[in-house]
Amino acid sequence: MIAVDLTPEPRRTQAMLRRRAQRWTLTSGTLAGAMIAGTLGLVAVMRGPEGVSAADVDALSAQVEDASVELNVTVKRVTELTRELRVAAQVSDRPDWSALLGAVADALPPGARVVRFRLDPLADGGYTVSLRGRAPNQAGVSGFVTALRETGLFTALRLGEVTGGGERDRATRFELECELGVSP
């Protein structure tokens with residue numbers, strides 16, 4: 001079976017941004033700690049045997065406090081952005097159906113059209129796709145079903161009622177039900 005990623009683009013982008021923010025926070029904290037430790041070590045080495053004066057320790061303590069405040073502000077901002085991403089993920093927790101609609105449109109034979117397209121969720125996370133449409137003849141319906149089966153998107157296809165195609169009614173009406181298994 002061919003798998004199609006139906007995860008919406010905004011959701012993929014949000015996940016990427018969330019990972020980037022987490023890496024940035026970790027890197028910033030590590031860098032701040034390394035800078036403080038390096039500065040203390042450098043001052044201690046430069047002072048030589050007499051050591052570090054109380055004024056130097058106070059100055060470095062002030063720098064550490066400033067860096068700590070800046071880090072806290074950054075952590076709060078990352079927390080706020082993470083909360084916004086969660087809200088956006090809840091809102092955009094819907095598959096991007098453009099891939100499915102494009103596959104159905106590509107499978108339609110010339111002169112055929114879909115007049116009803118309905119999606120119903122299944123308990124396993126997949127969807128039932130119900131289609132109703134018209135084709136120029138029964139061969140067009142058969143070609144459409146075959147083309148949909150060849151996409152590999154559906155775990156099952158059931159052709160329902162097929163009517164028309166006689167002299168009075170030139171169009172063949174069809175109903176089709178497909179089960180779409182969404183890839184994780």
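**Close-up views of a predicted model**

**View 1. The hairpin of strand 1 and strand 2.** Gly 125 takes a positive phi near 100 degrees in this hairpin, which has 5 residues between the strands. This is a predicted model, where local features need pLDDT of at least 70, side-chain atom pairs count only at pLDDT 80 or more, and totals for chains, interfaces and linings use all residues. Residues are numbered from 1 along each chain as its sequence is written, and side-chain values use heavy atoms, leaving out hydrogens and water. Strand 1 (residues 113-121) and strand 2 (residues 127-135) run antiparallel, joined by 8 bridges; strands are DSSP runs (E, at least two residues), numbered from the N terminus, and two of them pair if DSSP finds at least two bridges between them. Look for Asp 120, whose bridge partner in strand 2 is Thr 128.

**View 2. The salt bridge of Arg 118 and Asp 120.** The closest N and O atoms of this pair are 3.2 Å apart; a salt bridge is a side-chain nitrogen of Lys or Arg within 4 Å of a carboxyl oxygen of Asp or Glu. A search of the whole structure finds 5 salt bridges.

**View 3. The salt bridge of Arg 132 and Glu 175.** Here the closest N and O atoms are 3.5 Å apart. Arg 132 lies in strand 2 and Glu 175 in strand 4 (residues 172-180), so the pair ties together parts that are 43 residues apart in sequence.

**View 4. The salt bridge of Arg 158 and Glu 177.** The closest N and O atoms of this pair are 2.9 Å apart. Because Arg 158 belongs to strand 3 (residues 154-164) and Glu 177 to strand 4, the pair ties together parts 19 residues apart in sequence. Salt bridges that share partners join Arg 158, Glu 177 and Glu 179 into one network.

Conventions
Helices (H or I, at least four residues) and strands (E, at least two) are DSSP runs, numbered from the N terminus.
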